[in-house]
Every structure is written in structure tokens, then in C-alpha cells.
Amino acid sequence: MDNLHLSRLQKNVIFGVFIFFTLLVFYAIFNISETSGKYNLTVTVIPSDATITINGIRSSSVASLYPGVYSVTVTRDGFTTDTQAVDLSHNLTISSYLAPVSDVAKKWAQGNASAYPEDFDYTTGQQPILAQLPDSNLIYSISADSSATSENPPRITIDSLPGYYNAPIDRIRSMGFDPENYVYTFKFGNPFK
Amino acid sequence: MKVSKLKILIYILILVGFGYWFSSYEKGLLRTVTLETKGPSYKIYLSTNKNTVISTVTNKVTLKLHDGYYCGSTSDSNYDTATICFMVYKKDLTVVFNPNYSTKHLADLLVPEQDIIMNIIKTKYSNILSGFTVCNGELYATGDIYGTAVVQKTASPRDNATIYRVVLEKTNNTWTVIKNPELVLDATTYSGIPVDVLKSIDIQPTC
């Protein structure tokens, strides 16, 4: 080294730079091997400071995981808890919106209503269609059982006057929902059964 | 001491060189991509360069591809000609092209099946079908799913006719009614049928 006629300071700087790049290389190698064969699971949460756990282990909003089925739970004091089963076979983004339960949380939600998606009723935390039920007129009624909030897909109960049996289905469609996504209890008979 | 520092320097240079080689190797690595088609042949190309066909898949082919975004397209008019794209990234991949038939081809296939299907429906519901009209219906997917509307006859054209929907599936060359006709075909009950097909049947025009 002395043959290069470098001062001690220069030598130390060069040595430090080499050490830095060495660490960088190690980091790159570690990072490549660490993410190989894994997929990113991104969890979008509202409130943004909610706690995310994946299979019971606390996680950041982006987790690099091997393919498989994971249980993702999102919690925050004063809000509902959301648990979703995720089958990870590619990079995936899921959303978890927590509805407020405590008074403080409700105040926060009212002040941050714009943070929630338009079709999410943050006042109840229900699936969007349940927030619009019951819906009825002189001809039909569309309602959901109290247990519907915990069912997926939710069960919807339909009653209608004869001759208007298709009207409630059309109504669900006109609300902007796909009727195929729910299960039904009809309070009138089906001649084919 | 001098020798020691020189050794460390050489050691670090080797490490840096190895790291550089490893990262270059990772970037330039070829992935084994298996492409299979259940229907027509597909031309494979980089999404950014449609004119340069990398390979044509007629049955099953294994290619060595760099990481990137690739697409496959078919010109077989009997099939849905929508382009199917896939991403090769860091690992080997298997892609199966399994397109649905085109609307025209499905309509052509329905012609010889129509009477058979009608007879099955009319036989199964012979006791009540006199009060209903079974529409011609349509075939879906690869011609093995059939859906139609069953419309209740009314005393007056001004009356509302209740519309039921029924789905038949062809297995082992035999058509079978999956479930009794319903007002709506929900994805839970018809778990074996693609939701898009259920939606199409549910909004199929009546006769």
C-alpha cells in the first residue's frame, strides 16, 4: 500500500469505501436470496396506524412471504377487528378497513371520512350492500339477517308480491351490486322445487 | 502490517467482484417457462415488441426466457382472441392458455345441441313446464355450459312474467341440469361455474 504513496488518511478513506461497498454487496446478496421464491403481500389499512399481524406475527404493511395461505388480522383500539384468509400465489394487495366502535374512534372516522372508500360504510363497518338494507316498498322487501354481517357471502332475505319476484333482484343490481355474490332466502315458493 | 492490508484489499476486491458477478448473473438469468395451450396455437412475444414472435405454442413448449412481460395471441376465430399476458420474474413459470370459444362458434355449436337440451329440460320439469316458456339460451366457455331463461306465461302481455334461470353442464357427452331453475344464479350454489358465466346467464335476454 505504501508503494502507492498515499497518506494515512487517504488509505483509511479508501479502506472505508471498500468496507462500505463490501457491506453493500453482502446486503444485495442477502436481499436477493431472501426474496427469492417469495411474493409481496401488501395490506392497505384504514386507519393507517392499525396493527397488522400475519399468522399471529406482527408485520409491516408489505410482507415478503412464501406462497401459501395466511391469516391476516388488522386491529386498532376502538375499532373493529378484521381477519382475512389470504391465499398468496402472486404479489397481492388486500384492503382492510376498520369501522369505529368507541366514541373517540367514531369522531376520528367522521373527521377522516374521505380516507374510507366511497362504498364502505364506516359508520357500521358492514359489507356495502348490508349498509343499504333493508330496502322495501309496497311490492317487495330486501333484508339481511343479523347474522349476515358475519357471513361471507351474506345471506339476503327477499319477499315479494306474486308477479314481481324479479323486482328485488333487479333492485340489487340497480344498487350497483352483483346479485350473484350473495345467497338468498326467498319467502315465496319456487315452482321448480 | 503492509501485507495484511494488501490481503484485506484483495479479499475485498474479490468480494466486490463476486457480488457484481452475482447480481449480473441474477439479472441475466434465463427462466424455464413452460407454455401450454388447451385450444388454438398462440404466438408468444415481448409485450413491447409484438412484431417479433419468440415462439409459437401449438401444444406444449418449454422456453428459456429473461425476466420480462410477455404476451400470447391467437388468430383462431373459433376462440376468444383476447391477448393473454404473463410476467416472468425471478422464477420458473408455467402458463396454460385455455381460452373460451368465440360467441359465433358457441352459437354454431348450439344448433345441433338445442333440441337435446330442450328435451332434457322439458322432460325434467314436464309436470309444470306447460306454464312456462323455455328460451333458446346460449352456450358458454368451451361449449360445455348452457344457460337459459325460463319465463312464466302470463294471462296478459301486460302482466309481469317471472323469469327463472337454469344452467346445464355437459359432462361425458351428457347434458345435466345442475340445479333447479332459480330467480338468480348465485356463485355459492353454482360454485363450479365461472361467476362471469352466471352473470351473463342472469342478464340473458328473455324470449
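Tutor: One term comes before the rest: helices and strands here are DSSP runs, helices (H or I) of at least four residues and strands (E) of at least two, numbered from the N terminus. The model is a predicted one.

Student: In which loop of chain B is Asn173(B) found?
Tutor: Asn173(B) has a positive phi of about 65° although it is not a glycine. Most residues other than glycine have a negative phi. Asn173(B) is exposed, with 6 other C-beta atoms within 10 Å. Its loop is the one between β11 and β12 of chain B.

Student: Is Asn172(B) buried or exposed?
Tutor: Asn172(B) lies in the loop between β11 (163–171) and β12 (174–177) of chain B. Its phi is near 50°, a positive value in a residue other than glycine. Asn172(B) has 5 C-beta neighbours inside 10 Å, so the class is exposed.

Student: How many helices and strands does chain B have?
Tutor: Of the 207 residues of chain B, 22% count as buried. Among contacts in chain B with a separation of 6 or more, 48% are between residues 24 or more positions apart. The secondary structure of the chain comes to 3 helices and 12 strands.

Student: Which element of chain B has the lowest mean pLDDT?
Tutor: Chain B has a mean pLDDT of 89, and 95% of its residues reach 70 or more. Where pLDDT is low, the predicted coordinates should not be read in detail. Among the elements of chain B, strand β9 (residues 138–140) has the highest mean, 97, and the lowest, 70, belongs to helix α1 (residues 2–28) of chain B.

Student: Which element supplies the largest share of the side of chain A that touches chain B?
Tutor: The contact involves 28 residues of chain A and 33 residues of chain B. On the side of chain A, α1 (8–35) and β11 (183–186) each supply at least two residues. The largest share, 7 residues, comes from α1(A).

Student: How many residues of that side of chain A are nonpolar?
Tutor: The model scores ipTM 0.74 and pTM 0.63. By class, the side of chain A that touches chain B has 4 charged, 7 polar and 17 nonpolar residues.

Student: Why do the buried residues of helix α4 of chain A line one face of the helix?
Tutor: The buried residues of α4 (residues 167–174) of chain A are Pro168(A), Ile169(A), Arg171(A) and Ile172(A). Seen down the axis of α4(A), they line one face because their directions fall within an arc of 155°.

Student: What covers those buried residues of α4(A)?
Tutor: Just after the helix, Gly176(A) takes a positive phi of about 100°. The cover of the buried residues of α4(A) includes strands of chain A, namely β8 (135–136), β9 (140–144) and β10 (155–160).

Student: Which residue of β3(A) stands opposite Ile52(A)?
Tutor: Strand β2 (residues 51–54) of chain A is joined to β3(A) by 3 bridges, and the two run antiparallel. In β3(A), the residue opposite Ile52(A) is Ser59(A).

Student: What is omega for the cis peptide bond that joins Leu133(A) and Pro134(A)?
Tutor: Most peptide bonds are trans. Pro134(A) has its place in the loop between α3 (128–131) and β8 of chain A. The cis bond that joins Leu133(A) to Pro134(A) has an omega of about 5°.

Student: Where is Pro47(A) found?
Tutor: A cis peptide bond joins Ile46(A) and Pro47(A), with omega about 0°. Pro47(A) is in the loop between β1 (39–46) and β2 of chain A.

Notes:
Residues numbered from 1 in each chain as written. Chains lettered and ligands numbered in written order. Predicted model: local features only at pLDDT ≥ 70, side-chain atom pairs only at ≥ 80, totals over all residues. Buried ≥ 20, exposed ≤ 12 C-beta atoms within 10 Å, placed from the backbone. Contact = placed C-beta atoms within 7 Å. Arc of directions from axis to C-beta. Nonpolar A, V, L, I, M, F, W, Y, C, P; charged D, E, K, R; others polar. Pairing = 2+ DSSP bridges. pLDDT = per-residue confidence, 0-100.
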